[in-house]
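The sequence and model are shown first.

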Amino acid sequence: VEAVHLIANGKAPRIPQTEEGATYEGIQKKENAEISWDQPAAALHNWIRGHDKVPGAWTTINGQVVTFYGSSLLDASVPAGQELIIKGASRPGLVTKNGLVVFGNDGKMVLVRNLQFEDGKMIPASKYFSADDTTALELTEEEKKIAEDIR
């Protein structure tokens, strides 16, 4: 009550704040979002989800920075998949039909659904090894005629 009366009467003390530490920059920065692999699966999941979408939790795979999005804890038997070496991880990840499975230092698993590369390209994690496979679309003569009519 006394503080309210001091403010109302214009007699409340005023203490100016320092400018030290004041910023309008975002607190989360990409360089601070690197994944530390020496953690249990729950901590890895929380780190990835906590940095989803900005700035994005990242790691290095085949010399390239790859950002992980959309993780969930996986409580099942180890699924079949193609091994993927991840820098700093004690165990290779597995590219499965559902996404990329990574392992915590407790042996438990985290499923990552999407990956983004340095060039900005985002793919489903399950398509990691087929990401470079591109096939040209070949049109039949009838389809070429339709395409020309549309143009």
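## Contacts and burial

Among contacts (heavy atoms within 4.5 Å) in the chain with a separation of 6 or more, 50% link residues 24 or more positions apart. Of the 151 residues, 29% are buried (under 20% relative accessible area with a 1.4 Å probe, protein chains only; exposed is over 50%, partly exposed in between).

This is a predicted model, in which local features need pLDDT of at least 70 and side-chain atom pairs count only at pLDDT 80 or more, whereas totals for chains, interfaces and linings use all residues. Residues are numbered from 1 along each chain as its sequence is written, and side-chain values use heavy atoms, with hydrogens and water left out.

## Secondary structure and helix α2

The chain contains 3 helices and 7 strands, defined as DSSP runs (helices H or I, at least four residues; strands E, at least two) numbered from the N terminus. Their order from the N terminus is α-α-β-β-β-β-β-β-β-α.

Helix α2 spans residues 41-50, and its buried residues are A41, L44, H45 and I48. These residues lie on the same side of α2, because they cover an arc of only 100° around the axis, taken from the directions from the helix axis to the C-beta atoms. The buried residues of α2 pack against β1 (57-61), β2 (64-74), β5 (99-103) and β6 (109-117).

## Overall dimensions

The chain has a radius of gyration of 25 Å, whereas a compact globule of 151 residues would have one near 15 Å; the radius is taken over C-alpha atoms, and the globule rule is 2.2 Å times the number of residues to the power 0.38. Along the principal axes, the C-alpha atoms fill a box of roughly 85 × 55 × 30 Å.
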